Amino acid sequence: MAAQCRALVVTLLLVLMAGLPAPANALSAYEDVTGQTSAEDVIARAGELFTPQATSSLGFSDSVWWLRIELANEAPVPKTYAIAFEYPLMSRVDAYIRTGGGIELQRNGYDIPISQRGFTHENPVFAVDLAAGEAATAFVRIDNRYATHLDHEVLELPALMQWLGQLDSTATFFLTAMGVLISYNLFVFISTRDRVYGYYLLYLSGALLATVATFNRTGPSEFLNTHVIHLVFIGGDFLYVAAFLFIATIFKDVATPQTRRVTRYMVWLVLAHLPVMLYDAAFAMKVYALYGTGFVITACLVWLTWHAYRQRHPLAKFIAVGWGVFLVSTAFYILSLAGITSVRFQHAFSYGAVVEGLIFSMVLAYRIRLDEDNLNAAQTRLREINAQQGQVIEAQIASLEAAKLEAERASYAKSAFLANMSHEIRTPMNAIIGMSHLLRRTRLTADQTDKLDSLEGAGRHLLETINAVLDLSKIEAGKLELEETPIHLDEIVDGVVSLVSANANAKGLQLVTHVVPFSEGLLGDPTRLKQAMLNYLSNAVKYTASGSITLTLEVLEKSATDAVIRVEVSDTGVGIAPETLSRLFSAFEQADNSTTRKYGGTGLGLAITRKIATIMGGDAGATSEIGKGSTFWFTVRLRRTDGEYVKPPAKIPPDVEAELRQAFSGAHILLADDEPINRMITTAFLEEVGLSVDEAEDGLQAVELAARHAYDLILMDMQMPNMDGLEATRRIRQLSGERRVPILAMTANAFAEDKAQCIEAGMDDFLSKPVVPEVLYAMLLERLRKAPRE
């Protein structure tokens, strides 16, 4: 790559040296400083005005220059001669040609519309027809706003066409070379979408625009021809902006905050400079602005390249070679324009732009190769890392699988522990609550009644605690299954209020309800909804010493498929500090450590309420102020149904005991339970309503009794020695034949999966301990009604 760049530099220098035209012939010129001298005065005083001119490069001159050119046809036949100026950027050139027939005026230059020029070409050309032996003198007036060059040739017509052809070929070569570079890099940009190529395309486009203007190859458009100098300025601005963006992107890997800042400042400098180029300001101001900005920009570009070179960027030295070519060619061009040297470097910029474009194109191609090498190295390294990490990942997967298995075991152990604890606690709880129920039916003194009330209250509190722990465990394990049955909000509110009204009245609290009517049918889990409301209301009654408690239920939003319900409970209680309010919805959390001692409770109610609300598609929260009370709220999303809500019949008839005794007195019941006390209590419940009871201590005895007797209904415990209730049920179903005796699970196992196992084994319903007599009687009445009788 470095050898190729050096070869291009040498080629450029050779082209520049070989392509320089020979110094112009001795010129006879007159400088009209005021620009007011008329053609008649110049022609009349030619002998005293015109003096030999040492150089043809006059630079940026405000004067009007006159040339005196002698022509003579020494041939015996008429000939056409031409005065052709090599420099195309001449704004106004008028030729006064004096022959024996008088003076003819021909106009040229890019200020003159193409249609009004004496000779249609980008370069100023004037044709002179001379007869045999005729002579002529041409007085050429040059008024140029840009740099002035007096280089010209006097040629016969055939030589003129050849000379112009050489100029056109030179321009065509450079324009074609720039076009090829632009096309190639446009193809690469479209293929790669790399911003570097986009900026480089802008850079080449600016150089091409400036080159087109330098050669004055703007086509037949009179507008472009008369504004060709502005195209030089605009092309230069595009070149500056694109050069900075191009270099900044190339060297972004080694960029620093300082280089980024300089790049940003330079881009803004060029953009601020552009209006000066477009505005119709003094021409000299535009020239100085263009070259002054160019000097600053070039210095900064060199600095950026030097910075990248010091950072050992692999492309920095090649970019430096490209900039070196461009700077050398541009310096030659500016020296020629400014008239500092008489040697003509008018097309040095174009040569330098082409060679620099070739170098930068090679640099970008080399960059692609470097990127490919880096990519291949990265891929190789990645494969090595993958190979090294493979074993680590496999070990991690094995560890994760072991951890997952351990977690599953722990979860299973937790569930088994909770199920076992639930069973072990509910079994004696069934005896306590059942015995309390039986005792209440005997004759008791007032003191005994108070003690029995305390006993039942403690039992209920213990049962609520067990249920709360189980509910929380189910929710956290993702095993809480919601029902989707028709519900009515008024009924749920009335039921909840009735449960807490006695305690509220005992404390002198006022219970207020505000329920927004909602007559459409809703589907949801009424039990869980009631549980969430009851948690809030129970806490409000517990923590409110005086005042009122308000339960508000409203519909926040509704659509064609569902409705969002908000439940809010406000009280005038003690209030909660802001720093502790956020912790209340966590399990086992209360406002402070003294709360448990003063009011009791486990701190599970609020956590369960939030989790229920979340499962139902809502949320829960609270606001409070110390000494002014609290407001707890939750939202749920319930599915809507077509039609209005129809109130279902009561699950427990008003006098279920009397109805059961009247309709099914003497019905034969089999009770299978391994706990003697539970058997005694349940038998007492059944005999109170006139039912006949046989007892079995385990599943094996239950199967034997079922084989000998035709029972009307069987109550079956789940966990029993010798044979559990599930297996006993399966064997009884095999014995029963066509007659299906109702089998009800009555067990201390309270999980949903326990109920599912019972139903799968062939049982008809499920009743968890401790047994409430009214619920037991209602279930017996329902099942005996449906059961076939002998």
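**Close-up views of a predicted model**

View 1. Arginine 381 and glutamate 384 both belong to helix 11, where they are 3 residues apart, about one turn of the helix. In this predicted model, the two residues form a salt bridge whose closest N and O atoms are 3.4 Å apart. Arginine 381 is partly exposed, at 43% relative accessibility, and glutamate 384 is also partly exposed, at 39%.

View 2. The side chains of aspartate 562 and arginine 637 meet at 3.2 Å, N to O. Aspartate 562 is buried, with a relative accessible area of 18%, whereas arginine 637 is partly exposed at 36% relative accessibility.

**View 3. A salt bridge between aspartate 764 and arginine 733.** The N to O distance of this pair is 2.9 Å. Aspartate 764 is in the loop between helix 22 (752–761) and strand 23 (765–768), and arginine 733 is in helix 21 (residues 725–736), 31 residues apart. Arginine 733 is buried, with a relative accessible area of 16%.

**View 4. The largest nonpolar core.** Of its 48 residues, Tyr203, Phe246 and Trp323 touch the most other members. Several helices each supply at least two residues, among them helix 4 (157–192) and helix 5 (195–215). Helix 11 gives the most, with 10 residues.

**View 5. A negative surface patch.** Asp253, Asp371, Glu372 and Asp373 form this patch. Aspartate 253 lies in the loop between helix 7 (228–250) and helix 8 (257–278) and is exposed, with a relative accessible area of 64%.

Methods
Residues are numbered from 1 along each chain as its sequence is written. This is a predicted model: local features need pLDDT of at least 70, side-chain atom pairs count only at pLDDT 80 or more; totals for chains, interfaces and linings use all residues. Side-chain values use heavy atoms; hydrogens and water are left out. Patches are made of residues with over 30% relative accessible area and no salt bridge: like charges are joined within 9 Å, nonpolar side chains (Val, Leu, Ile, Met, Phe, Trp, Tyr) within 5 Å. Accessible areas come from the Shrake-Rupley method with a 1.4 Å probe; for residues, only the protein chains shown count as cover. A salt bridge is a side-chain nitrogen of Lys or Arg within 4 Å of a carboxyl oxygen of Asp or Glu. Lys and Arg count as positive and Asp and Glu as negative; His and the chain ends are not counted. The place of a charge is taken as NZ of Lys, CZ of Arg, CG of Asp or CD of Glu. Helices (H or I, at least four residues) and strands (E, at least two) are DSSP runs, numbered from the N terminus. Buried means under 20% relative accessible area, exposed over 50%, partly exposed in between (1.4 Å probe, protein chains only). A nonpolar core is a set of buried Ala, Val, Leu, Ile, Met, Phe, Trp, Tyr and Cys residues joined through side-chain atoms within 4.5 Å.
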